[in-house]
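Me: I would like to learn how to read a few features of a model. Please take me through them one at a time.

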Amino acid sequence: MIIKRGLVFILLGAALLVMFLLPASEVSADGRNVVYVIPIEDMITVGTAGFLERHVLKAEEAGAQAVIVMMNTPGGLVDATLDINRIFRGTYLPVVVFVAPSGAIAASAGAFILISADVAAMAPGTTVGAAQPITLSPEGGTAPAEEKTERFLAGHIRSMAKETGRPEEIAEKFITENLVLNYEDAMELGVSDITAANLNELLLELDGYEVEKEGEALIMQTAGARLVDVRMNIGERLQNTLSNPQVAFLLLMLGLAGIYLGLNMPGTFVPEVLGGIILVMGIYGMGLFDISTTGIILLVVGVALIIAEIFTPGFGILGIGGIISLLFGSILLPIEPLMAPDWYHAFRATVIGVVVGVGILLLIVVQAVIGSWRRRKKEPRFFHMPEKAVVVEELSPGGLVSFQGEIWKARNLEKGVVEVGREVQVVNQEGLLLLVKAMDENEGGIF
């Protein structure tokens with residue numbers, strides 16, 4: 001019954017995993033009157049940048065009219081923000097950043113993203129700015145970052161503003177003076193290009209709008225455009241979560257705690273295996289590993305743990321750790337431009353097959369362990385005491401006896417010495433020690 005239930009759970013889990021790993025269903029985008037709409041919510045992370053890059057490339061392949069980024073963010077990581085700036089400036093498609101809905105913000109990293117867009121749009125009731133870099137102070141609070149960092153970011157945002165034709169001085173004040181602008185002031189000062197209440201209104205405003213990219217004038221045709229709504233896949237969601245500094249810090253602490261507990265409780269395998277996997281993901285979240293390195297490390301660790309499970313007597317802990325590591329490794333292995341997409345689909349299908357197969361084997365092992373435990377619970381004595389034995393080492397009173405090839409320690413309960421080759425009757429048992437007495441010469445049996 002346990003195996004059946006476990007198989008059902010494994011198959012259901014595998015089915016759900018396949019659903020998550022399959023590419024998100026999207027509207028076919030082979031026409032020219034197509035606009036990709038990409039949402040950015042919450043913190044800007046490595047996962048956010050990867051998500052944006054993937055769909056900007058898809059929009060290019062589809063020959064879309066434009067990419068519209070719907071943004072509402074309190075800020076994010078510097079590296080991820082710089083990557084997004086690079087993506088926006090590197091594509092030949094017009095990129096429109098729309099701070100919406102009403103009440104949304106483009107704070108800190110959001111200001112960089114808005115400034116680097118070809119078209120900046122804001123909904124009424126939205127704000128942009130407050131991008132001064134900060135760092136954690138020794139007292140646990142926040143403090144302005146080093147002058148070197150501030151100068152670099154101020155120069156970068158000025159460069160982005162110059163590239164997109166926005167006021168460089170105002171953009172720099174987002175960094176140096178923590179300037180905050182509402183949608184009206186942003187429009188008046190030239191930070192924002194369009195005010196629109198919603199996406200439909202924005203599409204009407206963009207229709208016929210001209211943007212210059214790489215010296216070429218592009219005129220968008222967005223009225224009545226077919227919208228392609230996209231969402232993060234499971235790998236990007238995982239990257240997004242892991243690269244959140246709070247989550248990364250907690251993973252680092254949990255990983256180190258697991259390894260510490262494992263070193264102090266040798267033989268259990270649970271804390272050190274889970275701690276090692278969590279530590280690798282925490283290190284990735286802190287940005288010390290790139291995604292390729294993390295994915296490869298987790299795959300290698302997963303295979304090593306499964307091999308260790310085969311050669312180590314245990315209860316499947318190493319195998320379960322191997323399954324977890326393989327799953328995360330396959331998800332975090334990025335799509336490389338020079339590899340065929342079909343290869344990755346086949347690779348992930350292989351990983352799922354291995355996970356299901358190892359899971360079934362682990363269930364069989366766990367079932368056997370549980371059965372053995374139940375039998376032992378019904379019969380407290382693990383070893384069955386024989387009725388008779390033959391002396392193989394003189395009993396005076398202690399010695400050794402043999403029963404069907406098994407050698408037991410024994411003690412004679414009677415006076416005198418029992419010679420080698422004499423048969424004895426087993427009267428009782430104290431653990432692994434048999435209490436015996438010599439049998440008459442005419443008694444006997446086969447041992």
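Me: What should I know before reading the values?

Reply: This is a predicted model, where local features need pLDDT of at least 70, side-chain atom pairs count only at pLDDT 80 or more, and totals for chains, interfaces and linings use all residues. Residues are numbered from 1 along each chain as its sequence is written, and side-chain values use heavy atoms, with hydrogens and water left out.

Me: What pLDDT does the chain average?

Reply: pLDDT is the predictor's confidence in each residue, from 0 to 100. The chain averages 79, and 75% of the residues score at least 70. Over residues 19–31 the pLDDT is below 50.

Me: Which residues of helix α5 are buried?

Reply: An α-helix has 3.6 residues a turn, so residues three or four places apart point the same way. Helices here are DSSP runs (H or I, at least four residues), and strands likewise (E, at least two), numbered from the N terminus. Buried means under 20% relative accessible area, exposed over 50%, partly exposed in between (1.4 Å probe, protein chains only). In α5 (residues 147–164), the buried set is Glu 150, Leu 153, Ala 154, His 156, Ile 157, Met 160, Ala 161 and Thr 164. They sit on the same side of α5, because their arc around the axis is only 165° (taken from the directions from the helix axis to the C-beta atoms).

Me: What covers them, and what does the face turned away carry?

Reply: The cover includes α3 (78–90), α4 (109–115) and α6 (168–176), with contact meaning heavy atoms within 4.5 Å. The face turned away carries exposed Glu 147, Lys 148, Arg 151, Lys 162 and Glu 163. Gly 165 follows α5 and has a positive phi, near 75°.

Me: Why does Gly 359 count as buried?

Reply: Gly 359 counts as buried because its relative accessibility is 8%. Gly 359 lies in helix α14 (residues 341–378). Its C-alpha is 8.1 Å from that of Gly 319, 40 residues apart along the chain.

Me: How many bridges join β11 to β12?

Reply: Strands of a sheet pair through backbone hydrogen bonds, either parallel or antiparallel. Two strands pair if DSSP finds at least two bridges between them. Here 4 bridges join β11 to β12 (residues 216–219), and the two run antiparallel. Lys 213 has Glu 216 of β12 as its bridge partner. The hairpin has 2 residues between the strands, and Glu 214 takes a positive phi near 50°.

Me: Which strands form the closed barrel?

Reply: The barrel has 5 strands, in the order β14-β15-β16-β18-β17, with mixed pairing. Within it, β17 (residues 423–430) and β18 (residues 433–438) pair antiparallel over 6 bridges.
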